[in-house]
Amino acid sequence: MPGPAGSSADAHEWLARDLGIEAPGFTTHGLGADAESLRKARAFVRDALERWDLRSGADDVALVAGELMSNAVCHGLRPTARQTGRWAARLGLACQEGTLVCAVNDPSPDVPVMRRADEFLERGRGLRIVDALSSSWGWSRPGGTGKTVWARIPVLRSPVS
């Protein structure tokens, strides 16, 4: 079975299993290491939230997903992976019982580390944002290589108008 950074349906199921989520209610999107790929992935998040009627909390979810994706690109991809045309990482979303799970899998074995807060640094606040906006977050190592970083964000379905 291909790893989660692959582009097949198996990668979708593999990431869902890693998170303990049933694959039918789980959606994934391939993530490259360029600005256009990040833009498309953010649009994918917004579209998924709209399909699931999750407009309340959508900004928080989009911000958490953006931080997890940016961390994967900046810290999880080797320079050679950034130059290939295939997906280098995978974003997964699932909505279960008032919680949206956002997960990003990348090929790096390096675990995420929350940095000390420093208001003068331009970078290093991503996991603090994830921590502030999610009910919980963490990481797992689904196989021999790579990792999946996930966050659970409380959400409410929009009322029917």
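Author: Let's start with a definition: a charge sits over a ring if NZ of Lys or CZ of Arg is within 6 Å of the ring centre and within 35 degrees of the ring normal. Keep in mind that this is a predicted model. Here, the charged end of Arg 152 is placed over the ring of Trp 150, 5.4 Å from its centre. As for pairs of aromatic rings, the structure has zero.

Now to the salt bridges, of which there are three. Take Glu 36 and Arg 39, whose closest N and O atoms are 2.6 Å apart. These two are three residues apart in helix H2, so about one helical turn separates them. Glu 36 is partly exposed at 37% relative accessible area, and Arg 39 is partly exposed too, at 47%.

Helix H2 also takes part in another bridge. Arg 46 and Asp 59 meet through their side chains, 3.1 Å from N to O. Arg 46 belongs to helix H2 and Asp 59 to helix H3, so this pair ties together parts that are 13 residues apart in sequence. Asp 59 is exposed, with a relative accessible area of 55%, while Arg 46 counts as partly exposed at 39%.

The remaining pair is Asp 106 with Lys 147, where the closest N and O atoms are 2.8 Å apart. This one links distant parts of the chain, 41 residues apart: Asp 106 is in strand E3 and Lys 147 in strand E5. Both Asp 106 and Lys 147 are buried.

The largest nonpolar core has 32 residues, and Leu 91, Leu 93 and Leu 100 touch the most other members. The elements giving two or more residues to this core are helix H2 (35–51), helix H3 (58–76), strand E2 (89–96), E3 and strand E5 (147–154). H3 gives the most, with eight residues. So H2 and H3, which the Asp 59 and Arg 46 pair ties together, both contribute to that core.

Finally, the surface. Val 111, Val 113 and Trp 139 make up a nonpolar patch there, with about 270 Å² of accessible area together. Val 113 lies in the loop between strand E3 (99–106) and helix H5 (126–133).

Notes. Residues are numbered from 1 along each chain as its sequence is written. This is a predicted model: local features need pLDDT of at least 70, side-chain atom pairs count only at pLDDT 80 or more; totals for chains, interfaces and linings use all residues. Side-chain values use heavy atoms; hydrogens and water are left out. Rings of Phe, Tyr and Trp (its six-membered ring) pair if their centres lie within 6.5 Å; planes under 30 degrees apart count as stacked, over 60 as edge-to-face and the rest as tilted. Patches are made of residues with over 30% relative accessible area and no salt bridge: like charges are joined within 9 Å, nonpolar side chains (Val, Leu, Ile, Met, Phe, Trp, Tyr) within 5 Å. Accessible areas come from the Shrake-Rupley method with a 1.4 Å probe; for residues, only the protein chains shown count as cover. A salt bridge is a side-chain nitrogen of Lys or Arg within 4 Å of a carboxyl oxygen of Asp or Glu. Helices (H or I, at least four residues) and strands (E, at least two) are DSSP runs, numbered from the N terminus. A nonpolar core is a set of buried Ala, Val, Leu, Ile, Met, Phe, Trp, Tyr and Cys residues joined through side-chain atoms within 4.5 Å. Buried means under 20% relative accessible area, exposed over 50%, partly exposed in between (1.4 Å probe, protein chains only).
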